[in-house]
Amino acid sequence: MKIGKRDFDTENKAYIMGILNVTPDSFSDGGRFNSLDKALKHCEEMVNEGADIIDIGGESTRPNYTKISDREEIERVCPVIEGVKARFDVPVSVDTYKSAVAEAAFSAGADLLNDIWGLKYDNKIAGIIKKFDVPCCLMHNRAEAVYESFMDDVISDLGETLGIAEKAGILRDKIILDPGVGFGKNYKQNLTAIRELDRLKIFGLPILLGTSRKSVIGLTLSLPADERAEGTIATTVFGRVKGAAFFRVHDVAANRRALIMTEAILKNGLN
């Protein structure tokens, strides 16, 4: 898979997507990087720690978040995208589900779309992806955590997402799937989505796991968001064993080290 100028060997390697929230209200780091200088400084730190992709988001999507206008989101993310692309040789993802924001972000230099609604919120966004010929990460989500057969329903929902992508002309070699931990799921469903991550292999597409500091970790360990690094690392290691190729995280260095160790065990042990 090609993202920006870089080739990603998703069959054999694992990659880190570093989170850069330029928002005042994200659940874990809201307000910390919502100026251009602070955002670029944090990006530099993540690149130096080994981030393979930088994922830039301008609207918090935590539970009960406040939706902002397209214009405000564009004003938040586009200067940061332009700044990152001008200073660093790293692919940039934009975390949005809105077609107007996506179009502005791609015009500013973004290389990948990360859509938490899997093309189902804005019926124009698939066409924007096709227009700019960029790859996309499509996440499972539902408005309510109501399922008849949880993982079967997740797989069915992702199949619908892929149908939208196919209709828009988006090629399969440009698609990453995300099970959507923390979105439209209760505590046990989130744990199940992680445990049965490998069931998504049925689609034959790369998988991204995004669990970093999320409530499923906080509830399990009874810890606040800024103390969930170890829990996140555990899910990263488990996710790699289950076949995920991308990991969206706040703590880049620690998760990268965990992946290197996991890879050594999986590939270099005695047969």
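Predicted model: local features only at pLDDT ≥ 70, side-chain atom pairs only at ≥ 80, totals over all residues.
Local features are taken only where pLDDT is at least 70, side-chain atom pairs count only at pLDDT 80 or more, and totals for chains, interfaces and linings use all residues. Residues are numbered from 1 along each chain as its sequence is written, and side-chain values use heavy atoms, leaving out hydrogens and water.

Helix α1 (residues 36-48) packs with helix α2 (residues 70-87) at about 45 degrees, their axes 10 Å apart. Here helices are DSSP runs of H or I with at least four residues, strands are runs of E with at least two, and numbering starts from the N terminus. Axes are lines fitted to C-alpha atoms, for helices over the stretch in contact, and angles run from 0 to 180 degrees between N-to-C directions. That angle makes α1 oblique to α2 (under 35 degrees is roughly parallel, over 145 roughly antiparallel, 65 to 115 roughly perpendicular, and the rest oblique). On the α1 side, Leu36, Ala39, Leu40 and Cys43 make the contact, meeting Pro79, Val80, Gly83, Val84 and Arg87 of α2; contact means heavy atoms within 4.5 Å.

Then there's the sheet: open, 8 strands, ordered β8-β7-β6-β5-β4-β3-β10-β9, with parallel pairing. Two strands pair if DSSP finds at least two bridges between them. β8 (175-178) and β9 (208-209) sit at the edges with a single partner strand each, so one side of each has no neighbour in the sheet. β9 runs parallel to β10 (residues 246-249), joined by 2 bridges, and leucine 209 stands opposite phenylalanine 247 in β10. Helix α8 (residues 229-241) packs on the sheet, touching β9 and β10, with its direction at about 170 degrees to that of β10.
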